[in-house]
Amino acid sequence: MGNGVKEGAVRLREDAEAILPAPVSSKSDHRQVLSSLLSGALAGALAKTAVAPLDRTKIIFQVSSKRFSAKEAFRLLYFTYLHEGFFSLWRGNSATMVRVVPYAAIQFSAHEEYKRVLGHYYGFRGEALPPWPRLLAGALAGTTAASLTYPLDLVRARMAVTPKEMYSNIFHVFIRISREEGLKTLYHGFTPTVLGVIPYAGLSFFTYETLKSLHREYSGHRQPYPFERMIFGACAGIIGQSASYPLDVVRRRMQTAGVTGYPRASIACTLRTIVREEGAVRGLYKGLSMNWLKGPIAVGISFTTFDLMQILLRRLQS
């Protein structure tokens with residue numbers, strides 16, 4: 001029995017080594033990190049820009065007590081376009097880019113590094129990680145990125161829910177918050193963000209990596225086609241965002257409390273207020289159907305862009 005387990009582990013390691021490249025030098029390690037940073041930055045920028053109007057609409061509903069419906073969401077989009085112009089649908093997207101580019105770069109790069117570290121620890125490399133370390137790598141990557149870029153997320157939320165007259169640009173948001181509310185406000189809502197990003201990033205990366213691994217195992221192809229990557233990413237987005245959505249609503253309420261009339265409160269108090277005033281399902285899952293529309297698109301674009309950029313950069317380097 002023991003010999004069978006050892007032989008199985010040896011075969012799994014050999015399969016992983018056949019799929020993945022051999023260990024690289026320190027110089028190559030630096031190139032891989034830079035490659036991951038660049039690929040992640042581009043992936044995040046393309047994904048968020050594609051769904052920015054839907055994302056802004058979702059945030060507006062999340063931070064208000066108004067009941068969400070698809071009809072109301074598209075009505076809001078239409079009236080925003082009529083009264084403020086086409087490009088107003090992307091209001092706050094500049095702040096989103098300032099946050100998303102470093103966030104996605106750090107997240108994808110950190111994920112590659114965590115996979116490598118955990119792979120060495122468990123005796124496997126990269127995509128051959130067992131399920132639990134695969135989940136852990138994604139959760140750690142998301143936590144690392146969120147911790148380093150959180151103030152930019154708060155600024156983006158403020159710009160999305162306020163009129164143009166209140167904040168003229170990103171720097172104006174930082175200045176007004178620091179003067180009127182204090183610097184600690186820039187991390188208001190950080191705890192629910194981290195609590196939400198652990199299941200979101202963990203399950204997203206886990207689902208995507210698992211689907212790629214299953215595809216390789218059952219199809220016989222080393223790499224999935226781009227449209228298959230999009231499908232895998234869409235599945236990852238649906239699962240990850242559905243699992244963490246209530247904390248996303250709480251986070252937005254806490255981030256925008258200073259400009260929407262809601263009092264500043266703890267996570268528990270914010271949760272109780274939402275449930276009491278709007279109901280558990282209607283309040284905590286408000287806008288989730290919008291997320292099911294935009295989330296799979298954004299995550300699919302993000303994962304696919306990252307993978308294809310990585311492949312392109314490796315070919316250019318070689």
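Visitor: What should I know about the model first?
Guide: The model is predicted, with local features needing pLDDT of at least 70 and side-chain atom pairs counting only at pLDDT 80 or more, while totals for chains, interfaces and linings use all residues. Residues are numbered from 1 along each chain as its sequence is written, and side-chain values use heavy atoms, leaving out hydrogens and water.

Visitor: How many helices and strands does the protein chain have?
Guide: The protein chain has 12 helices and 0 strands; helices (H or I, at least four residues) and strands (E, at least two) are DSSP runs, numbered from the N terminus.

Visitor: Where is the kink in H5?
Guide: In helix H5 (residues 131–161), a kink of about 70 degrees lies at Thr 149, shortly before the proline Pro 151. The bend at a residue is the angle between axes fitted to the seven residues ending there and the seven starting there.

Visitor: Is Tyr 150 buried or exposed?
Guide: Tyr 150, which is in helix H5, is buried, with a relative accessible area of 1%. Buried means under 20% relative accessible area, exposed over 50%, and partly exposed in between (1.4 Å probe, protein chains only).

Visitor: What separates the C-alpha atoms of Tyr 150 and Leu 186?
Guide: A distance of 7.8 Å separates the C-alpha atoms of Tyr 150 and Leu 186, which are 36 residues apart along the chain.

Visitor: Changing topic, what share of the protein chain counts as buried?
Guide: Of its 318 residues, 48% count as buried.

Methods: The expected span of a helix is 1.5 Å times one less than its number of residues.
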